[in-house]
Amino acid sequence: MQPDSRPFEVAVLVSVGRHPLTGRARRADHDARGLELALGLGRHLDRLQVRAVHAGRHDSGNDTALRGYLGMGLAELTLVEQPDGADVIPALATVLTRSPPQLVVTGSRAECGEGSGLVPYALAERLGWPLVNGVVEVESIDNGVATLLQALPRGQRRRLAVRLPAILSVDGAAPAARQSAFGPAQRGELAPLQEAGVIDEAFAEWTFSPARRRPKRLKIIKATSARERFKAAAAKAEGGGGQVLSNVTSEQGAEAVYKLLEEEGVLR
Amino acid sequence: MLETLLPILIFAALALAVLGAVRRIRLWRQGRPARVAILGGLAAMPRRYLIDLHHVVARDKVMSNTHVATAGGFVSAAALMILVHGLGFDTPLLGGLLLAASTVMFAGSLFVARRRLDPPARLSRGPWMRLPKSLLAFSLGVFLITLPTIGVLPPGFSQGAGHWLLALVLAALVTWGLGEMFFGMTWGGPMKHAFAGALHLAFHRRPERFSSKNGHAGRSTGLKALNLENPEAPLGVETPVDFTWNQRLGFDACVQCGRCEAVCPAFAAGQPLNPKKLIQDMVIGMVGGSDAAYAGSPYPGKPLGEHHGDPQGPIVARQGKALVDAETLWSCTTCRACVEECPMMIEHVDAIVDMRRFLTLEHGNTPNKGAEVLDNLIATDNPGGFDPGSRLHWAADLDLPLMSDVKQVDVLLWLGDGAFDMRNQRTLRALVKVLRAAGVDFAVLGNEERDSGDVARRLGDEATFQSLARRNIATLSQYRFLRIVTCDPHSFHVLGNEYGELGGNYTVSHHSTYIAELHDAGRLAFAPWKGGKVTYHDPCYLGRYNGEYEAPRNVLKALGIDVAEMGRSGFRSRCCGGGGGAPITDIPGKQRIPDMRMNDVRETGAELVAVGCPQCTAMLEGVVDTPAEVRDIAELVADALVLESDSGRSKHRNQPAFEEVT
């Protein structure tokens, strides 16, 4: 049980986002939703302490973006200073272990850079904490157990109980972030924290190009009436075409995957 | 007995009035400092009163004459009374003048009383119902006590038992009158308007709005740029003391005549705004208290007595209720109808935007689509969140000259955000056609153009406004042009009147003004109008904000159109509902403002309503079951163009300019 005198601490990991049309730095949409989720925990808890953490460099190019988070009502943002090209996982893990919060909230994927979506997983592995992705709501927090709603495709929700401390990641299904206000954003402080940077060697060799929209399989609807078109639009994705492989060797599995990729025209 | 009592009464009332005045001035001065020309303002006050204020009051002839008689009678009676009864200069000449003055005042007061028999809904009741009686008491009392000075005395006035009784009655009448007129003037009675109103005229926050001896009133914005560099500088108005002292003085000048209420489109639509109540709430806020004693129409849907204010407390509570609800402030379309009608020259709209600034910049609480629009403006420089690189897509086939290529040009055509709107693109194409027909040397900024910042500023986001404005000014400074022409009155107002404070001074014309000039110069020829009845809708930001009522009408006249005016046109034009970010914040009411405006159109029987603003076009075209077509002036002109090449051969009407757009 948590002693009542200690505030419930939530750390929200925030990154510098990038507007899809103009490429301007901004608060990242998913991270801002994560912060919104954390700030909303005040409904359940008497004493809530939300800490926003950004690992990276602070410069004039991303100042407005980082202050965008402060504008949501934070007095300060912890800035874990890291050189360019550093792997932020070790530094974040160190910071989080040094003063462990009960909950860590992240977005599901960065809007620029590597954008692999692996940060929450890598952190969860390092810290040994459970991870829940696609969280849309924290329903209650009792005796070190949080009851969560997780978003599943097609608007479905799944209720989960997770033992704290835990990492939650949120995506576009979570409630939209509140407006960032200019005044608090300007007054809020970026509190720097020096942390040794571990340069990601592999990262330096990468070439970056703007992301393109993922190709989508064309869905040919042969409906002739409005009713059929509606049914087709509302229909659940049907499986059926797949194949469940169990108790197979890795070679067999790889072969099946290879065959599928060839069929789909991904590999030629 | 009266001879000894009167000077005491008069000077006691005067002393109390002075004490009250000092207290009231100190109350106003609790507000933020404001740079005001004190002596210059006081010197200009009589002219502002006699010309500008009277010009507004005279729109209601009966009331204007009533006020001239009552106020003129009172001022002269009061001055003469001090001389005659206070200081004892009771010569027959002064006495006679005093009798005449009080008679005039009495006559005026009778008209005031008559209006109060069955007052229209816009008038406040409460203490205001008492005022005509007080005016009558004062004028009658002064008249009667002055009769002895010219030797006209009812027989037996100074003898017998009736003497004391009569003297007592007279003393009571005079005391009542003095109490209302002198004491009440500075201690918060209805006569407060005279004291505060006079000073408000002198120390007005927007002195350039008053006419000068050598011409028209200046056009300006009332919105002052905020200091965003200093993190300690306040962002907008949170509490009543955050208003500047002369704004507070302005609130106190309100006579609660309700002319603003009668013209406010939001009030008529049943949205929770009443400009008169808002100003009264600001007065309540200055001293603290509840609005239960307010005796006029409330905000629609908001009962009286539920809101409380505090001089140092927030005007809008983050949660729950304070002095004013946020939705009241967000209902305003910033159309300035209230400002135009206000006989006390109060600036309602600027006060509303000042309070909105705090809500947006400090609370981060712009309702409905507000946050999204502001985010779009920050990220894409246009409110719709469109790719800024697609600003010229509508003109892909027009081969428009770009400023970045030509560098120097006569006319810079400012497109506005209508460039992203398919409806307004038709207007823009028509305008381009007109400019080309007239052989105008023009160019556009193209993708270098950004939103002018109008919406951001009216939504209270001064930071985004200044960011957009500074970048626009930097872009414009690279090029040479004689003037800017735009078909968007909002851009017109912002570029012309609001960029100056940030260092951008330009000659800006609305396209109707420019087309009128081109026509006058003989550079455009029109085929005669063959359509039906046409009416014209004045955009607020062109008309009330910038005084341009004539040019659009002249263009329509040149087209051969005889405009069938709506009941509310010109300076009384009713807003389309599209200004001030109102469609974005979208506060619910009982009906929609554009529907009301289209009803005005329907009453004229017009088949077509000419407009000169992309917002108005969008709002009026959004009305279902519409009685009239909505066309921009540029489109009408483009349709009627007779191009020089074919003018020699045939005078047939040109094809519509927007034919090629599908």
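Visitor: Is N143(A) buried or exposed?

Guide: Buried means under 20% relative accessible area, exposed over 50%, and partly exposed in between (1.4 Å probe, protein chains only). N143(A) is exposed, because its relative accessible area is 55%. This is a predicted model, in which local features need pLDDT of at least 70, side-chain atom pairs count only at pLDDT 80 or more, and totals for chains, interfaces and linings use all residues. Residues are numbered from 1 along each chain as its sequence is written, chains are lettered from A and ligands numbered from 1 in the order in which they are written, and side-chain values use heavy atoms, with hydrogens and water left out.

Visitor: Where is N143(A) found?

Guide: Helices (H or I, at least four residues) and strands (E, at least two) are DSSP runs, numbered from the N terminus. N143(A) sits in the loop between β9 (135-142) and β10 (145-151) of chain A. Its phi is positive, about 50°, although N143(A) is not a glycine.

Visitor: Which residue of chain B has a positive phi near 45°?

Guide: That is N368(B), again a residue other than glycine. The loop between α14 (348-363) and α15 (370-380) of chain B holds N368(B). With a relative accessible area of 56%, N368(B) is exposed.

Visitor: Which residues does a cis peptide bond join?

Guide: The bond joins L164(A) and P165(A), with omega about 0°. P165(A) lies in the loop between β11 (157-163) and β12 (166-170) of chain A.

Visitor: Why does R429(B) count as buried?

Guide: R429(B) counts as buried because its relative accessibility is 6%. Helix α17 (residues 422-437) of chain B contains R429(B). A polar atom of the R429(B) side chain lies 2.7 Å from the backbone oxygen of W394(B).

Visitor: What does UniProt place at residues 6-25 of chain B?

Guide: The unreviewed UniProt entry places the feature "transmembrane region" there, and also at 68-87, 93-113, 134-157 and 163-183. UniProt positions are given in the numbering used here, feature names are shortened, and annotations may be inferred rather than shown by experiment. Over residues 6-25 of chain B, the model is 100% helix and 0% strand, with the end C-alpha atoms 28 Å apart. Residues 93-113 of chain B are likewise 100% helix and 0% strand, and their end C-alpha atoms are 30 Å apart.

Visitor: Where is P148(B)?

Guide: P148(B) is in the loop between α5 (131-146) and α6 (161-187) of chain B. At 31% relative accessibility, P148(B) counts as partly exposed. P148(B) and G95(B) are 53 residues apart in sequence and 8.7 Å apart in space, C-alpha to C-alpha.

Methods. Polar contact = N/O pair within 3.5 Å; in protein donor to acceptor, adjacent residues only side chain to side chain.
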